[in-house]
Amino acid sequence: MKIIFCSMMFADADENIRKSKKPNTVSGHKYQENLLRGLLDNECEVTVINTPRIRKYPDYKKILIKADAFYLDKNVIGKNIGFINLFVINYITQYIHICRELEKTIKKFEKEKVVLLVFNSYLIQSLAMLKVKRKYKNIILCDSIGDIHGKYGITVKRIGIKGKIITWIEELQDKIAVKFDAFVLHTKPMAEALHITNKPFCLMECPYKISFLKETIEDKEKDRKIIMYAGALQEDYGLWHLIHAFSLICDDKYFLQIAGSGDMAEEIKQLSEKNDRIQYLGFISPAEVSEYQQRADVLVNPRTSAYEFVKYSFPSKIMEYLASGIPYVGHRLPCIPPEYDLYIQYPKDESDEALMEKIVEICELSLEERKAIGEKARNFIIGEKNPKVMCKKIVHMLEGVKTSYEDEKHCIAK
C-alpha cells in the first residue's frame, strides 16, 4: 500500500526543544512516530512529508527553516519541508511547499491507489491534501484524529486577536476533517461528534513502541516515596486534583514531581518554592522524563471523567506510563477499553481522598510487588499495543476503501 504521510513531528527533538522558549508537547510527535513505524512494520510503502513541529518565531529562535531529509532510524524516508517561520507567513509557505511535494510524489504512482494520511486534522496539511485530491482520482484521504475541538475539546484559555484566530483554525479543522474518506479514531463517540458514522473508520488507541528499556532505578534513600506526573499542565487534566490529593499525605517521606508546560506552569513553580515536597522539573526532554520515571514509585494521571472531552480522546500518557514498568494510578475513564482494567491501578472513586489512598497503597508495597505490577503492564503494551499490531487495523480498513478512479472502472465494467 502506498501512503504519503503529511506529518508534523520534531525534525530533531532535542534541538527543537532546546531552541524553543515554549516547546511543543512531545505526545503528538510520539504518536505520529509510532503510527509511522506501525505502517512500515505492516509493509506499507510510506513517504513522509514532514512539517517540523516548532513554535513560531520568536518562541522558536529561527525564522528561516530550511528543507532537508526526514530520517527514521538513520534511513531517509521523506522530507522536512522548508518555510518562513513568521505568523501567517509560515502557514502560506508551508501550504505552498506541501502542495509541491505532494504533486511530485503522487506523479510517481500514476494510477495506483495512494493514501494521503494526516494526524489530528492539521489545517495546512489537510488543505493541501484536499487540493491535490481534486486533481488526482487515485487518492484516498485518511485522518488519524487524536483530539477534536469546540464543545468536545479541552478548554484552553485564549486571549486577544491571536487567540481568536487559533480558535477559528481549530473549528475549521474539524469542519474540514469530515471531507476526508476514512478515519482513525480513539473512541466511537468521536465519530458521532464529527458526524462521520457513515464513513469508514477504525478505533485505535495510541500505538506505543518501547525504544529502550531500563531497569527500575532503586533509590538509595529507601525512606523516600516519589509520585510523578509528566505531561501538559492544564487544570482540565486534573493537576489540582493531584496536588490536593498529595496534600492529604502528611508523611514527610512522600514527594511529588511534576514535569511539563502549560497554563498552570507558573502556579506549580510557585507552589514548589513554598513546599519542598513538591518539585517542578520544568519542560524536560523525553529521555529525561524516562530517567525521572524510573526513579519514581508510582506514576499518576489525575484526569477525571468530570469533563466532556474525556469521551473524545485517549491520553497517550496511559501507554507511556504502562510501558515504563512503574505502577500506574489513574481513574477509570470512558475512553479506556476494558482490557486495560487488569493493568491500571484505579482509585475507588474520583475524590481527592480516594486518589491519595490508592497512591499510598501502591507506594507502601514492597519493591518486588511494585516491580511485578509494572512488569505485567509493560508486557501488555509490548505484546498487544505495539505499532505493528495496532496499525494492522488501519491497513485493513484502507484496503477496503476505493478511490474515485477504481469506482469509475467498476462502473464501466458493469
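1. A salt bridge is taken here as a side-chain nitrogen of Lys or Arg within 4 Å of a carboxyl oxygen of Asp or Glu, and by this rule the count comes to 21 salt bridges. The model is predicted, so local features need pLDDT of at least 70 and side-chain atom pairs count only at pLDDT 80 or more, while totals for chains, interfaces and linings use all residues. Residues are numbered from 1 along each chain as its sequence is written, and side-chain values use heavy atoms, with hydrogens and water left out.

2. Among these pairs, the side chains of Lys385 and Glu205 meet in a salt bridge at 2.9 Å, N to O. Lys385 lies in the loop between helix H12 (367–384) and helix H13 (387–399), and Glu205 in the loop between strand E10 (201–203) and strand E11 (225–230), so the pair ties together parts that are 180 residues apart in sequence. Helices (H or I, at least four residues) and strands (E, at least two) are DSSP runs, numbered from the N terminus. Both Lys385 and Glu205 are buried, where buried means under 20% relative accessible area, exposed over 50%, and partly exposed in between (1.4 Å probe, protein chains only).

3. A salt bridge also links Glu364 and Lys253, at 3.3 Å, N to O. Because Glu364 lies in the loop between H11 and H12 and Lys253 in the loop between helix H7 (239–247) and strand E12 (254–259), this pair ties together parts that are 111 residues apart in sequence. Glu364 is partly exposed, at 43% relative accessible area, and Lys253 is partly exposed as well, at 24%.

4. Within helix H12, Arg378 and Glu375 lie three residues apart, about one turn of the helix, and they form a salt bridge whose closest N and O atoms are 2.8 Å apart. Arg378 counts as buried at 9% relative accessibility, whereas Glu375 is partly exposed at 35%. Salt bridges that share partners also join Lys2, Glu45 and Glu112 into one network.

5. Two surface patches deserve a look; patches are made of residues with over 30% relative accessible area and no salt bridge, like charges being joined within 9 Å and nonpolar side chains (Val, Leu, Ile, Met, Phe, Trp, Tyr) within 5 Å. Lys and Arg count as positive and Asp and Glu as negative, with His and the chain ends not counted, and the place of a charge is taken as NZ of Lys, CZ of Arg, CG of Asp or CD of Glu. Arg18, Lys21, Lys22, Arg55 and Lys61 gather in a patch of positive charge; of these, Lys61 sits in the loop between strand E2 (45–50) and strand E3 (64–65) and is exposed at 58%. Tyr57, Ile63, Leu64, Ile84 and Ile89 form a nonpolar patch with about 400 Å² of accessible area together, by the Shrake-Rupley method with a 1.4 Å probe, only the protein chains shown counting as cover for residues.

6. A cis peptide bond joins Tyr57 and Pro58, with omega about 10°, and Pro58 is found in the loop between E2 and E3. Phi is positive at Lys74, near 70°, and at Asn120, about 60°. Lys74 is exposed at 79%, whereas Asn120 is buried at 12%.
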